[in-house]
Amino acid sequence: MKRLLLASLMGTAIALGTQAMASDADLKSLEQAARKEGAVNSVGMPDSWANWKDTWVDLNKLYGLKHIDTDMSSAQEIAKFAAEKDNATADIGDVGAAFGPIAVQQGVTQPYKPSSWAQIPDWAKDADGHWMLAYTGSIAFIVNKQLVKESPKSWADLKTGKYKVSIGDVSAAAQAVNGVLAAAIANGGNEKNIQPGLDFFAEIAKQGRLSLSNPTIQTLEKGEVEVGIVWDFNGLSYRDQIDPSRFDVLIPSDGSVISGYTTIINKYAKNPNAAKLAREYILSDAGQINLAKGNARPIRAEHLTLPAEVKAKLLPNEQYAKVQPIKDAKAWEETSKALPQQWQEHVIIEME
């Protein structure tokens with residue numbers, strides 16, 4: 001597969017330096033520049049998330065790029081890019097879809113359009129190439145069956161349960177923000193009207209059932225999370241890594257949201273060519289299949305043939321019957337900005 005990928009990339013025109021489009025320069029030039037840099041340092045792209053591990057291994061084997069990651073939320077990544085500037089320690093990050101435009105507005109990104117650009121849907125990319133979704137996720141429940149006798153199948157079930165509900169940091173994490181949107185959608189709201197989601201979690205908080213534990217592989221393994229609100233790919237990966245018999249992962253039957261994550265390349269990156277080569281690989285067939293192995297749904301899925309064993313690990317399509325994409329990206333961008341304060345005023349206050 002790697003030889004085929006390399007041959008495919010060799011025939012692809014790649015842009016270097018400040019050029020935005022992969023069109024004129026060849027892969028060898030980009031590869032040589034990346035090899036000289038010798039490393040690509042990421043934020044928010046840990047091994048356990050969407051199987052980034054295999055991509056970092058491949059980049060090391062193919063191009064000799066060393067790698068380290070510092071895990072953090074989408075908001076923290078953007079803040080880090082802005083704060084470090086001339087002393088940048090990160091080259092590339094992975095942020096939720098709503099945070100891509102925010103990163104561009106804050107002037108901390110540089111553009112790069114991979115050779116697969118035309119196969120990325122228009123709704124999933126920035127026209128100038130500053131961001132583009134590499135994979136999508138839908139908000140799901142992960143349930144610790146050792147702690148919860150009957151798994152909730154819907155948001156309505158969740159509201160009447162007796163267990164603790166963990167959503168994570170709504171002030172900073174795209175997963176948590178979209179969790180609130182999913183609850184809003186299931187209760188008659190949308191990206192313009194998040195109030196039903198806030199009301200839902202305010203009621204959970206009033207009942208004393210809102211947990212501030214972040215639903216991560218570590219907290220799940222320790223038994224600190226009873227029901228977590230997570231992306232489907234995270235839930236499936238956590239389940240498989242800890243103990244498949246210990247957890248249920250499911251899409252709530254009364255509504256959810258599908259969104260995704262985009263790489264952003266640091267405007268101040270010390271290894272900009274390595275970051276661009278990483279993005280090129282991530283959007284290649286092999287990189288997209290790596291993400292699918294981590295239970296994420298590749299953005300170029302229509303143009304891929306997933307291995308049967310990879311496809312079989314994903315949740316059945318019928319679970320996605322009530323899942324909907326964000327229909328008004330601009331409205332959701334504005335709602336996302338206001339949500340952290342609204343969360344404090346409407347939800348967290350109920351815990352006090």
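## Residue S138

S138 lies in strand β5, which spans residues 132-144 (strands are DSSP runs of E with at least two residues, helices runs of H or I with at least four, both numbered from the N terminus). S138 counts as buried because its relative accessibility is 1% (buried is under 20% relative accessible area, exposed over 50%, partly exposed in between, with a 1.4 Å probe and protein chains only). Leaving out residues up to four places away in sequence, S138 touches V230, W231, D232, I251, S256, V257, I258, Y320 and V323; a contact means heavy atoms within 4.5 Å.

## Model and confidence

This is a predicted model, in which local features need pLDDT of at least 70 and side-chain atom pairs count only at pLDDT 80 or more, while totals for chains, interfaces and linings use all residues. Residues are numbered from 1 along each chain as its sequence is written, and side-chain values use heavy atoms, with hydrogens and water left out.

The mean pLDDT of the protein chain is 91, and 93% of the residues score at least 70 (pLDDT is the predictor's confidence in each residue, from 0 to 100). Over residues 1-24 pLDDT stays under 50.

## Nonpolar core

The largest nonpolar core holds 104 residues; such a core is a set of buried Ala, Val, Leu, Ile, Met, Phe, Trp, Tyr and Cys residues joined through side-chain atoms within 4.5 Å. Helix α7 (residues 174-186) supplies the largest share of this core, ten residues.

## Whole chain

The protein chain has 14 helices and twelve strands. Of its 352 residues, 58% count as buried.
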